[in-house]
There are 2 protein chains.
Amino acid sequence: MDLDGTPANPNILRADLALIGFGHVGRRFLTLLEDRRDHLLREFQLECRIVGIATASHGAVASLEGIDTRLATARRIAGQQLGSEATSIDVIRCLGRSNAALRVMVEATTLCITDGQPAIAYAEAALDCGCHVISANKGPVSFAYRRLSDLARRSQRSFLFEGAVMDGVPIFNLVREAMPAVTVTGFRGILNTTTQHILSAVEQGESFAEALARMQAEGIAESDPSLDTEGWDAAAKAAALANVLMDADMTPHAVEREAVTPATADAARTALKKGHKLRLVASAEGRDGNVRARVRLTEIAADALLATLPCSANALILSTDLLGEVAICQMGGDLTQTAYALFSDLATIARRRAASMLS
Amino acid sequence: MDLDGTPANPNILRADLALIGFGHVGRRFLTLLEDRRDHLLREFQLECRIVGIATASHGAVASLEGIDTRLATARRIAGQQLGSEATSIDVIRCLGRSNAALRVMVEATTLCITDGQPAIAYAEAALDCGCHVISANKGPVSFAYRRLSDLARRSQRSFLFEGAVMDGVPIFNLVREAMPAVTVTGFRGILNTTTQHILSAVEQGESFAEALARMQAEGIAESDPSLDTEGWDAAAKAAALANVLMDADMTPHAVEREAVTPATADAARTALKKGHKLRLVASAEGRDGNVRARVRLTEIAADALLATLPCSANALILSTDLLGEVAICQMGGDLTQTAYALFSDLATIARRRAASMLS
């Protein structure tokens, strides 16, 4: 590196990244980035440097010289402060002052189901100061997709969110990159893992409370599971899909929504006696301003694709004009897959930049 | 258009196309191209012109001024000659003399399971004279992927074949464009529709001969169904997947292969009594020079994803390093989907060209 921080090889592009949110996903993203450093260099001549990390309750750290990510990780795991009182917005503005070829805000905070904030404000601040936005949070895309994608277009920056639905399994990339000229006319799918686990378990005779407690003990369900059981997580995913794939401009609050409750266990067992499976299905139909999206407990024939998914699987069936119905399934999810969603968005930005660098 | 055939708008790229093979798929591709003309113009500033069509038994037609595709279609449907005695290679060489920004050979001849010819020779001839190659034929990718992709790389042209597996449902595009840095370590899937129909039908009590005759009457099975029933179609698809996704460099003849025969009906019904489904599963495992690929009659638990596919569906489960298992399913296929595979390959070439045009 020479004095102004430019890599010595002039063909190598530098990307400066700031992580907003530094929980399990953010930390796994850092190790994945390290693991795949060679891939980014070889495929995109891209070299990444972390110049900021902001957390909700453990402070922040930022430096345009690059920060010590191992130290930050060790402090965060030990429950220590990262060292600075800077806010997330401060860290984003610091990133905006970088002279790197690419400046990327990597946002992995948790969903606020009231209004998607403050993640939306973070995305706006980043785009406003010339940074690309990658988000593993469902908030920005489910509450403010049209506004943020318009802002990104005007700023000639990318706003990407592959992790919002089915972790790193490509949904948005699948349609955008691999299905040119195809119109999505609707979808239905199982998008929430906690309720899928609960419904599978109660069919086996467990009670709702037992199933939930077991999942919490195994780390599958959150200590406050209400976002999942009340259908909000699935509704946010349905809104994200409807906004991006069907031009809907809706929020999760516009999605008709049902919850999985202790009473649902009886309904699931009754359905099973009829040879059906009761599942929490997210769906949408229509186009443009007239999209209707729903999260509903639905009885499905036991031999249908959505009924036969293992309890840890998700699936999405897209209805299209040219390809009929196309299904994509995530057979099991883990932290690596969520972190990979951020990585694949970074690769998309690198590819777009590589194309424009030919100019 | 001015006299040398350049479109009047200098921002519009012209693509000249020659169709080698003009059966149902080639003709549906022409109408799809017409239907989506606006999309190609809007997204890629691409305007397509057909400068040649070659058939196996109805002659050919070629002109760098563009040909009358409606007349050619009408003649072909009426069983008439297209008008010229030119060979497929002649038509490809004519395309090679075009001055269009993009020259694309669109190959939709039938698979020769002996050696993949003459489709491989067509691809070589096209790449040799500076044309891109799009193929809906499994031959080139299953018999000669490494050679043709090396030749394409040296010629700075594209060799694409999305239609070789699951018609237009993106498989190769999915992995290449939407799963950056992911390594495919294996796959298993149901990739042949005729045998899927037969196995579903014999479970319902039909005999092999009845099921086959019904499918032939419905146009699902070929009058000579041996490519399907003897497992060759699935073996060619397995070889194509292994070559492209797992760097195998094999041919369909290196795939272990089982056939669906009248005796299979009994085995399918026996499996059903055990609660299993007997399915023709194509699979591969290993990497690089050590990939083992198989097409085998396999008993699958009735509630597994591959067992629950409708009789007209195909599915492929990819095993990966970063995303675990990812499945993609084609819930039903038709001619439009096969033609769309060619269209999506054309869009890929247009996108690559648009990126390089920034230079």
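In chain A of this predicted model, Glu107(A) stands opposite Ser135(A) of strand E5. The two residues belong to a pair of parallel strands, E4 (residues 102–107) and E5 (residues 132–135) of chain A, which are joined by four bridges. Strands (E, at least two residues) and helices (H or I, at least four) are DSSP runs numbered from the N terminus, and two strands pair if DSSP finds at least two bridges between them. Residues are numbered from 1 along each chain as its sequence is written, while chains are lettered from A and ligands numbered from 1 in the order in which they are written. In this predicted model local features need pLDDT of at least 70, side-chain atom pairs count only at pLDDT 80 or more, and totals for chains, interfaces and linings use all residues, whereas side-chain values use heavy atoms, with hydrogens and water left out.

Strands E4 and E5 of chain A are part of an open sheet of six strands with mixed pairing, in the order E3-E2-E1-E4-E5-E6. Strand E3 (60–62) and strand E6 (159–160) of chain A stand at the edges with a single partner strand each, so one side of each has no neighbour in the sheet.

Chain B likewise contains an open sheet of six strands, ordered E3-E2-E1-E4-E5-E6, with mixed pairing. Its edges are formed by strand E3 (60–62) and strand E6 (159–160) of chain B; each has a single partner strand, so one side of each is left without a neighbour in the sheet. Within this sheet, strand E1 (residues 13–20) and strand E2 (residues 46–54) of chain B are parallel and paired over eight bridges. Leu19(B) stands opposite Ile53(B) in E2(B). Helix H1 (residues 24–35) of chain B lies across E1, E2 and strand E4 (102–107) of chain B, and runs at about 160° to E1(B). Axes are lines fitted to C-alpha atoms, for helices over the stretch in contact, and angles run from 0 to 180 degrees between N-to-C directions; contact means heavy atoms within 4.5 Å.

Two copies of a chain are related by a rotation about an axis and a shift along it.

At least two lining residues come from each of H1, helix H8 (193–203), helix H10 (226–229), helix H11 (232–246) and helix H13 (335–356) of chain B.

The largest cavity is lined by Leu160(A), Phe161(A), Glu162(A), Phe172(A), Asn173(A), Arg176(A) and Asp345(A). Helix H7 (residues 172–178) of chain A gives the most to this lining, with three residues.

Most residues other than glycine have a negative phi, and most peptide bonds are trans. The bond from Gln117(A) to Pro118(A) is cis, with omega near 0°, and Pro118(A) lies in the loop between E4 and helix H5 (119–128) of chain A. A cis peptide bond also joins Gln117(B) and Pro118(B).

Conventions
On a 1 Å grid over the protein atoms alone, a cavity is a set of points where a 1.4 Å probe fits but cannot get out, and a pocket is an open set with protein on both sides within 12 Å along at least five of seven lines; lining residues have an atom within 4 Å of a point.
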